[in-house]
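Reader: I'm new to this one. Could you show me the structure and then take my questions?

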Amino acid sequence: MEIWIPRTPLANRTRRSLTIASFALPLLIWCSISYVPALWHPYVNIIDPGSVSYFRTGMLVEESQFAREYENARAQGAGLPTGKPANPVYLPAPHEVATALYTAFTTEPQRRNERWLHENLWHSVTIIFWGFLYSCLLGIPLGVMCGAYSAVSRMNEPFIEFVRYFPAPAFGALAVAILGIHDAPKVAIIFIGTFFQMVLVIANTTRKLDAKYLEAAMTLGASKLRLLLRVVVPGILPDLYRDLRILLGWAWTYLIVAELIGASSGITWFITQQARYKNFDNVFAAIIVIGLIGLLCDVLLGLAGKRLFPWHQASKT
Amino acid sequence: MNTHSSTPMLAFDQLGKSFTVDGDEQQVLTDISAQVNRREFLAIVGASGCGKSTLIRIAAGLEAPSSGQVLLENRPVTGPGPERGMVFQQFSLFPWLTVKHNVMFGLRSRGHSKATSEEIALQWVTLVGLAKHADYLPSQLSGGMQQRVAIARALAPSPKVLLMDEPFAALDPQTRSRMQAYLIDIWRNVDVTIIFVTHDLEEAVLLADRVLVLAPNPGRLEATFSINLPREASGRDRYSPAFVEKLRSLQTLTNESAQDLEPDLDMIRLARVDGRAS
């Protein structure tokens, strides 16, 4: 089949249906496991405890245990327990998550010092924004310089290569000690998590710029500064933009670390807390919200990229 | 050869170049001495691996010679400069700039104001017949059009020498012959000296006043070959008996110089036979 020849483009219709399928398929699997009792459902949700002393309505017991108690009760001629097949508590059904998604945004926080979900979410977004912004402000120029000049590269990259293996979470306590307990250490964690990778990735992207553009510019009498600002920078811009899109995803993965240190806050703190209460419907709801925000950001940045870099082949797909 | 006392526009003075590959020193060019006069059209031909691209890159200042020097009007060349424009085989227009801005690049680099640069650039774009495409991006142009822009870009800052490294090799035959006519037309109207590297002997006879024949292993100057054929309004007639005769003698000359390669070919044949036998 032609689709298995590498890089064969797809017809628009096929593309669209496959995009839909990529979301529909996991959802379908989730629905099947949740709503078809024959699939999995290793527990029984007690409806009526009957004569079993330790059963409570709404309790989850393992199927085998339920069967044993049921047989015991029948043998003694006592009241029979009833129940329905259920999945473990950590796998809520789609409708439960959907409800949680709605109620999480509409329910007032239980305690006075707690925040609404949307406030938590907004707080997380600002942490990411500042952390990533500082990372870009320092990382992009340094990365481009490393990629453009071998001397700068030799001077910085070996050390950065070493530092980037430091686990960002390890800096948590240090960041709190230095920067206090509020937002500053969280921003610092996002920065540490993305900056070193950013320098190396951008340096590599810069090195990949085809030398023919530099050579052409030199034979046209371009000064050293012009080579950097009018050839290297515009030449790598579309790829640099793509790198930043990927690195922004990394920033979100460091968010969970950032929000656990100092004064707890944000969407991932919400997740941790809800997991502790075993409100897994809320956990899934929050994870999905993060996914949606990430996806939305990426789609918007992708569209912006097409407008910003009309000459770039890869951004035309 | 120069009976006049006028200095050559560009001269190769006992030029040598060697690379070190895996600890082995490889001589790419050895003892190249040649001159090109003002407004002359010089072609450099030779089998692949004879170092003709290296030679023109040294002239451009993109590579440094291992020995000897390149002289531009008696001053040694130490690096790339706007007095030596270059057109590459690979399409090397800046993909992020429009046709007009590509041509403006060299002018801006030489310190011309934006307005002046734009004016000169538009004249050049018009001269290469792309006035309607001034605001197009390179990716929207055909290969032939891109190379026309590349010629305009190289010539706009008024270089003394235009270096061309197999500029039409990547074009289809029809486009190539149109580009050859274009180039002669431009060269007639502009005060510029052209050094043109090609592996196509017919192209060399068609365009050049004089042809340098390089021989490989190591790259050396085998012969200098004058064309001395009249140019009609539309360039030379490649089917005239005189043209065919010139081409034939140039071919004989290059075949002789490439004879060093023959033993290698035999080795390859033998190796193949052995491979099949085993």
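Author: Helices (H or I, at least four residues) and strands (E, at least two) are DSSP runs, numbered from the N terminus. This is a predicted model, where local features need pLDDT of at least 70, side-chain atom pairs count only at pLDDT 80 or more, and totals for chains, interfaces and linings use all residues. Residues are numbered from 1 along each chain as its sequence is written, while chains are lettered from A and ligands numbered from 1 in the order in which they are written.

Reader: How far apart are the end C-alpha atoms of α4 of chain A?

Author: That helix covers residues 117-148, which is 32 residues. At 1.5 Å a residue it should span 46 Å, and the model agrees with that, as the end C-alpha atoms are 45 Å apart.

Reader: And where in α4(A) is the kink?

Author: The bend at a residue is the angle between axes fitted to the seven residues ending there and the seven starting there. In α4(A) the kink is about 30° and comes shortly before the proline A:Pro141, at A:Gly139.

Reader: Are α9(A) and α11(A) roughly parallel or roughly antiparallel?

Author: Axes are lines fitted to C-alpha atoms, for helices over the stretch in contact, and angles run from 0 to 180 degrees between N-to-C directions. Angles under 35 degrees count as roughly parallel, over 145 as roughly antiparallel, 65 to 115 as roughly perpendicular and the rest as oblique. Helix α9 (224-260) and helix α11 (280-308) of chain A have axes 11 Å apart and pack at about 175°. That makes the pair roughly antiparallel.

Reader: Which residue is the bridge partner of A:Asp48?

Author: Strand β1 (43-48) of chain A pairs with β3(A) in the antiparallel sense over 5 bridges. Within β3(A), the partner of A:Asp48 is A:Thr82.

Reader: Over in chain B, how many bridges join β6(B) and β7(B)?

Author: The two strands belong to an open sheet of 6 strands with mixed pairing, in the order β6-β7-β8-β3-β9-β10. B:Arg84 stands opposite B:Val161 in β7(B). β6(B) and β7 (161-165) of chain B pair in the parallel sense, and the number of bridges is 4.

Reader: Which peptide bond is cis?

Author: Most residues other than glycine have a negative phi, and most peptide bonds are trans. B:Pro218 lies in the loop between β9 (210-215) and β10 of chain B. With omega near -15°, the cis bond runs from B:Asn217 to B:Pro218.

Reader: What is the phi of A:Arg7?

Author: A:Arg7 is found in the segment before α1 (12-35) of chain A. Although A:Arg7 is not a glycine, its phi is positive, at about 70°.

Key:
Two strands pair if DSSP finds at least two bridges between them. The expected span of a helix is 1.5 Å times one less than its number of residues.
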